Amino acid sequence: MDALPDTASLHVAPAVQDGIISRLQDLVLQADDAQDFFKELAVFSASLLAPPGEAVHCNLTVVRRKRPVSIASSTPTARVMEDLQYAYGDGPCLTAMRTGKTVYVADVAREHRWPEYTQAVAGHGVSSILGVPLELEGNSSAALNIYSSAVDGFSPEDIARAESFGEQSAKTLRLELRLAQLRDAKEDLEAAMKSRTAIDIAVGVIMAQNRCSQAAAMAILRKASNSRNIKLRDVAAGVIESVSPDPALWTHFEE
């Protein structure tokens with residue numbers, strides 16, 4: 001078991017931190033969607049946290065519905081390492097996420113806490129692993145997982161830089177997750193409004209065709225939905241298509 005180096009006295013230069021923060025902000029602003037942001041964050045993490053002259057693989061893991069999920073990887077190798085960890089049920093990165101503390105494995109050949117997992121990752125050319133927890137909101141948790149092919153792949157300075165970056169990227173990750181929730185809510189509301197619009201138009205068509213009340217028209221629509229085992233909005237769309245050459249619907253959500 002490797003002891004984590006003391007990084008308390010090590011600091012990242014303010015100018016470097018400012019540059020990292022600026023780049024993280026750019027990732028949020030330039031991403032097309034949440035998945036695009038997660039992928040770019042993993043790639044940026046790998047380029048930033050690689051020791052001089054070395055290459056590393058990075059993976060982002062979050063807990064969703066009490067289960068760890070890999071949301072982005074900088075390389076296919078990083079994703080394979082995460083899948084192995086999930087398969088064996090534990091490992092340095094899951095431990096970091098669970099405890100909220102950085103976990104460093106300097107040499108997987110000397111690590112005895114997760115023997116099956118470390119033996120498996122060694123077979124893929126990984127020799128050292130760094131798991132950095134990312135603080136999210138509520139009961140959510142995440143971790144940045146970094147894999148190196150070199151033994152003792154991360155110096156105390158490398159670990160301090162990764163921990164500092166973890167604090168900064170966690171804030172950006174929280175922001176992106178909030179934005180993703182807002183986008184999902186907007187899409188759900190837009191879909192609901194379009195569905196409601198279709199139903200209202202179909203009710204109007206039925207009222208005109210049958211010279212009946214709104215309640216009676218809605219009852220006819222519901223009966224057709226139940227008897228055909230088709231969603232109400234789909235029945236409504238069929239009614240509209242039967243009377244309109246252009247059944248496209250417009251709501252005030254259209255952009």
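User: Which strands are β4 and β5, and in what sense do they pair?
Analyst: Strand β4 covers residues 128-135 and strand β5 covers 141-148, and they pair in the antiparallel sense over eight bridges. Strands pair if DSSP finds at least two bridges between them. Strands (E, at least two residues) and helices (H or I, at least four) are DSSP runs, numbered from the N terminus.

User: Is this predicted or what, and how are residues numbered?
Analyst: The model is predicted, with pLDDT of at least 70 needed for local features and 80 or more for side-chain atom pairs, while totals for chains, interfaces and linings use all residues. Residues are numbered from 1 along each chain as its sequence is written, and side-chain values use heavy atoms, without hydrogens and water.

User: Which residue in β5 is the bridge partner of Leu 134?
Analyst: Ala 142.

User: What order do the strands of the open sheet have?
Analyst: The five strands run β2-β1-β5-β4-β3, with antiparallel pairing. β2 (67-73) and β3 (103-105) are at the edges with a single partner strand each, so one side of each has no neighbour in the sheet.

User: New topic: at what angle do α3 and α5 pack?
Analyst: Helix α3 (residues 76-88) and helix α5 (residues 115-122) pack at about 155°, with axes 10 Å apart. Axes are lines fitted to C-alpha atoms, for helices over the stretch in contact, and angles run from 0 to 180 degrees between N-to-C directions. That makes α3 roughly antiparallel to α5, a term for angles over 145 degrees.

User: Which residues of α3 make the contact?
Analyst: Met 81, Leu 84, Gln 85 and Tyr 88. Contact means heavy atoms within 4.5 Å.

Methods: Angles under 35 degrees count as roughly parallel, over 145 as roughly antiparallel, 65 to 115 as roughly perpendicular and the rest as oblique.
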